[in-house]
Each structure stands twice: as C-alpha cells, then as structure tokens.
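Trainee: I would like to learn how to read pockets and helix packing in a model. Could we work through one case?

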Amino acid sequence: MDTRPVVRRGVPEGSEARVAALYWEAFGRKLGAALNPPDKARAFLAAHLHHDRGVTALVDGEVAGVAGYQLDGRGLTGGGAGDVLAAYGVLRGLPRLALLTLLERRPAARELVMDGIAVAPEHRGAGIGARLLSEIAVVAAEAGCQRIRLDVIDVNPRARALYERHGFTAVRTENTPYLRGLMGFGAVTTMHRPVTTADSGSGHGSGPRGQAR
C-alpha cells in the first residue's frame with residue numbers, strides 16, 4: 001500500500017461526500033449556524049461542490065486533505081440562494097442566507113481567496129497542509145494573481161500558525177463579538193501572501209503531483 005500523499009488539482013469524481021465531511025469537520029463550528037444539522041449540511045456541501053476550485057491530497061486513493069479557493073466568481077463550496085431555500089425551506093432558509101452573507105469574501109482584482117484547508121485527523125502532521133498551500137500558490141501564479149488572501153478565526157490558532165509558517169502575514173483583524181454566541185468565534189483575521197516568481201514552478205513539495213480526473 002502506497003501511503004505517500006499525491007497532490008492533485010480538482011476534487012475527484014465520487015469523493016464529494018468525503019470532501020464535504022472533511023470540510024465540515026474543519027469548519028462546522030463556523031458554518032453550523034447557517035447549515036446545521038450536520039448531516040444536512042454535509043449533504044448540501046457535497047451536492048454543490050465546484051470540482052475545479054479545489055486542490056486535494058490523496059493517500060492510497062482516498063482524499064486525505066483538501067484546500068478550496070475562489071477565482072472568477074466561483075469557489076469550492078457552491079450553492080446559491082435558490083439552493084439554500086430549496087434545501088432548508090423559505091422560513092428557515094432566509095436567516096441562513098443572511099448568515100452566509102456575513103461570511104462571504106470576494107476576491108479583489110488579481111487576488112486568489114482561499115476557502116480554507118482541511119486535513120483528515122489521521123493524516124495530520126505529515127506535511128499535507130504545507131503541500132496543499134504550495135499547490136494553491138502555483139494555481140494563483142498560473143492565474144496571474146499577485147497575492148493570496150484568507151481569513152482565519154480566533155479559535156483556530158493552529159491554522160494561523162500554519163499560514164504564518166508559509167509566508168502569510170496578518171493585515172487586519174475584525175472583531176465580531178456578535179458572532180461569538182452564534183458561530184463560536186469573536187474575531188476574524190485577514191492574512192495575505194504575495195505570489196512570487198518561485199510559485200510559477202512545478203517543483204513544490206515532495207512526492208507525486210498530478211491532475212485529478
């Protein structure tokens with residue numbers, strides 16, 4: 001059995017439920033008020049993924065980690081207002097749409113916005129997060145972006161430490177005490193990383209790379 005991670009562009013067909021589960025495990029605390037209950041939330045995420053807006057790490061053919069990003073108005077997690085209302089009903093769907101709008105972050109010109117990074121617990125500590133970040137940087141360079149942007153919440157210091165180790169710096173922090181009781185966090189820090197000429201190469205990380213089919 002080959003347990004080396006293979007980093008690939010895109011979400012492989014048939015792995016939607018796995019990717020949604022990983023994403024929910026990482027961000028369910030943040031998204032719970034808008035998409036709960038968990039089973040329904042995972043099903044909604046799986047049904048509305050944009051396969052070409054993610055980078056995945058596969059171990060023995062299974063998705064062990066995923067990083068999503070936004071470009072050209074599309075991110076890894078999709079589903080418009082009509083989809084939310086269809087899934088949750090009008091009365092329950094409208095307040096959920098308002099919460100999702102609070103979390104929305106649109107890219108500026110020549111900017112790639114990360115939707116987040118999630119690694120399965122059993123594969124953490126193996127460098128998968130770092131390799132996904134490196135591949136995201138290559139995607140940004142190929143798209144002609146000048147920088148990568150992401151937001152990290154105050155209750156996720158481990159993620160912030162990972163980003164800082166890989167060249168991201170905090171540019172501002174927005175205190176959101178009104179969201180602490182509702183979504184479990186009270187501040188959001190925006191971080192930037194410039195896209196450099198080194199990112200345009202293909203020799204990032206270690207181990208195989210490829211294109212998901």
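Trainee: Which helix gives the largest share of the lining of the second largest pocket?

Mentor: Keep in mind that this is a predicted model. Helix 6 supplies the largest share of that lining, with six residues. Helix 1, strand 4 and helix 5 (128–142) also each give at least two residues, as does helix 6.

Trainee: How many residues line the second largest pocket, and which lie nearest its centre?

Mentor: The lining has 21 residues, and Val119, Arg124, Arg158, Ala159 and Leu162 are the ones nearest the centre. The volume of this pocket is about 510 Å³. By class, its lining splits into 12 nonpolar, five polar and four charged residues.

Trainee: What is the volume of the largest pocket, and which residues lie nearest its centre?

Mentor: The largest pocket has a volume of about 1200 Å³. It is lined by 49 residues, with Gln70, Thr77, Leu100, Leu103 and Glu104 nearest the centre. Among the elements that give two or more residues to this lining are helix 2 (38–47), helix 3 (81–88), helix 4 (90–103) and strand 5 (147–153). Helix 1 contributes the most, nine residues. The classes here are 26 nonpolar, 13 polar and 10 charged.

Trainee: Now the packing. What describes two packed helices?

Mentor: The general idea is that a pair is described by the angle between the axes and the distance between them. In this model, the axes of helix 1 and helix 2 are 8 Å apart and the packing angle is about 125 degrees. Helix 1 is therefore oblique to helix 2. Their crossing is right-handed.

Trainee: Which residues make that contact?

Mentor: From helix 1, they include Ala17, Ala20, Tyr23, Trp24 and Leu35; from helix 2, they include Pro38, Ala41, Phe44 and Leu45. The contact of helix 1 with helix 2 has 11 nonpolar and three charged residues, and no polar ones.

Trainee: At what angle do the axes of helix 3 and helix 4 cross?

Mentor: They cross at roughly 140 degrees, and the axes come within 7 Å. Helix 3 is therefore oblique to helix 4, since only angles over 145 degrees count as roughly antiparallel. Helix 3 passes helix 4 in a right-handed crossing. Helix 3 makes the contact through Ala81, Val84, Leu85 and Tyr88, while the residues of helix 4 include Val90, Arg92, Gly93 and Leu100. In this contact of helix 3 with helix 4, eight residues are nonpolar, one is polar and two are charged.

Key: Residues numbered from 1 in each chain as written. Predicted model: local features only at pLDDT ≥ 70, side-chain atom pairs only at ≥ 80, totals over all residues. Heavy atoms only, no water. 1 Å grid on protein atoms, 1.4 Å probe; cavity = no way out; pocket = protein on both sides within 12 Å on 5 of 7 lines; lining within 4 Å. Points joined across faces, edges and corners; volume = space filled by probe spheres on them. Helix = DSSP H or I, 4+ residues; strand = E, 2+ residues; numbered from the N terminus. Nonpolar A, V, L, I, M, F, W, Y, C, P; charged D, E, K, R; others polar. Axes fitted to C-alpha atoms, helices over the stretch in contact; angles between N-to-C directions. Parallel < 35°, antiparallel > 145°, perpendicular 65-115°, else oblique. Left-handed = near helix turned anticlockwise from the far one by under 90°. Contact = heavy atoms within 4.5 Å.
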